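Dear colleague,

I am passing on to you the structure that follows, together with some notes on what was found in it. Please have a look at it before you read on.

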Amino acid sequence: MSKDIESEMRAALRPLAPSEEFSQKLVANVTGRHPAPLEPRRLAPRRRSLAWWLSASLAASVVLVVGVHQHLEQQRLQQSGLEARREVLQALRVTSQKLNLAFEAVKSQSTSLTDDQSGA
Amino acid sequence: MNDDSADHLDQQLQKARRGERAALTLLVQTHQRSVYSLALRMLGTRDLAEDLTQEVFMQMNGNLSAIDSNRHLGFWLRQVTTNRAIDQLRRRARVRMTPLDEETQLFSAEEASDPLLQRHLQALLADLSPPARAVLLLRYQEDLDPLEIARTLEMPLNTVKSHLKRSLESMREKTIGTQPARCEDSPYE
């Protein structure tokens, strides 16, 4: 390979300059003079976090409301249950008293009948 | 590059490592022709060359602490550029080099004193394997000797010489349309 061909290759393959526009953009990017805008991926965790907290707060509120409602309902039912039991007991007590009276009445009638028979 | 210029660039490198933007700008401007030209002639299109050039300089910016001189920086930039370009070319099963008709704007009027020669040369380079192309560009564009090329591409010296010899023979064959002649006086034998 002759030296002439090598010289021609060097001349033909001498370094080329990039366009001025690209050169300016390259310098700006490498030196950070134009800070790149924050990528959506970097904002995503904060947005997700906020959304998560909003969802969690909403869910907690719903749970609280439902819980309170259920508690009140349970208290109401318990109260009404106690009332019903009290009424039942009252009814039983009344019934018992009446039965006692009836029993006493039957007992006294039965005693007087026995006395009558023994006197006869 | 004379000693004063080399010393000045070494000082700029130290300043760039301390975060001085003006020094970093000077380093980019000093080396961008070499990196861009390697990328352009390896990959064949302006868009790919600009992307690769930007990637290489961004990587450089993050590795300045490991670079101790401007000479080392030049070596590092050539090595990263050629390795990245070879990787890109290998990832593609068949590289579509820009057809000659689309290459009118590949070289600026200022640089391309002979646009036809540049286009023909680009077509010849496109026919070489990526490593052979890198060897040829480092030899004739960057003016490195075979030993420096071997260090840059981390390949044996004899492989470098073999690439140079076969590439030149192949290019000459395609250029003059004759059988490859034995290179009796080749410096790479």
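**What was found**

In chain A, 5% of the 120 residues are buried, a residue being called buried if 20 or more other C-beta atoms, placed from the backbone, lie within 10 Å of its own. Please keep in mind that this is a predicted model, in which local features need pLDDT of at least 70 and side-chain atom pairs count only at pLDDT 80 or more, while totals for chains, interfaces and linings use all residues. Residues are numbered from 1 along each chain as its sequence is written, and chains are lettered from A and ligands numbered from 1 in the order in which they are written.

The secondary structure of chain A consists of three helices and zero strands, and along the sequence its pattern reads α-α-α. Here helices (H or I, at least four residues) and strands (E, at least two) are DSSP runs, numbered from the N terminus.

Where the chains meet, 18 residues of chain A are in contact with 30 residues of chain B, contact being counted if the C-beta atoms of two residues, placed from the backbone, lie within 7 Å. On the side of chain A that touches chain B, the elements giving two or more residues are α1 (3-12) and α2 (20-31) of chain A, and the largest share, seven residues, comes from α2(A). By class, this side of chain A has 12 nonpolar, four polar and two charged residues, where Ala, Val, Leu, Ile, Met, Phe, Trp, Tyr, Cys and Pro count as nonpolar, Asp, Glu, Lys and Arg as charged, and the others, Gly among them, as polar.

Within chain B, the residues of α4(B) that meet α6(B) are R78(B), T82(B), I86(B), L89(B) and R90(B), and their partners in α6(B) are P130(B), P131(B), A134(B) and L138(B). This contact of α4(B) with α6(B) has six nonpolar, one polar and two charged residues.

As for confidence, the mean pLDDT of chain B (pLDDT being the predictor's confidence in each residue, from 0 to 100) is 83, and 80% of its residues reach 70 or more. Among the elements of chain B, confidence is lowest in helix α5 (residues 115-126), at a mean of 79, and highest in helix α7 (residues 146-153), at 96. Over residues 99-106 of chain B the pLDDT is below 50, and over residues 178-185 of chain B it stays under 50. Where pLDDT is low, the predicted coordinates should not be read in detail. The model as a whole scores ipTM 0.78 and pTM 0.63.

With best wishes

How values were computed: Buried ≥ 20, exposed ≤ 12 C-beta atoms within 10 Å, placed from the backbone.
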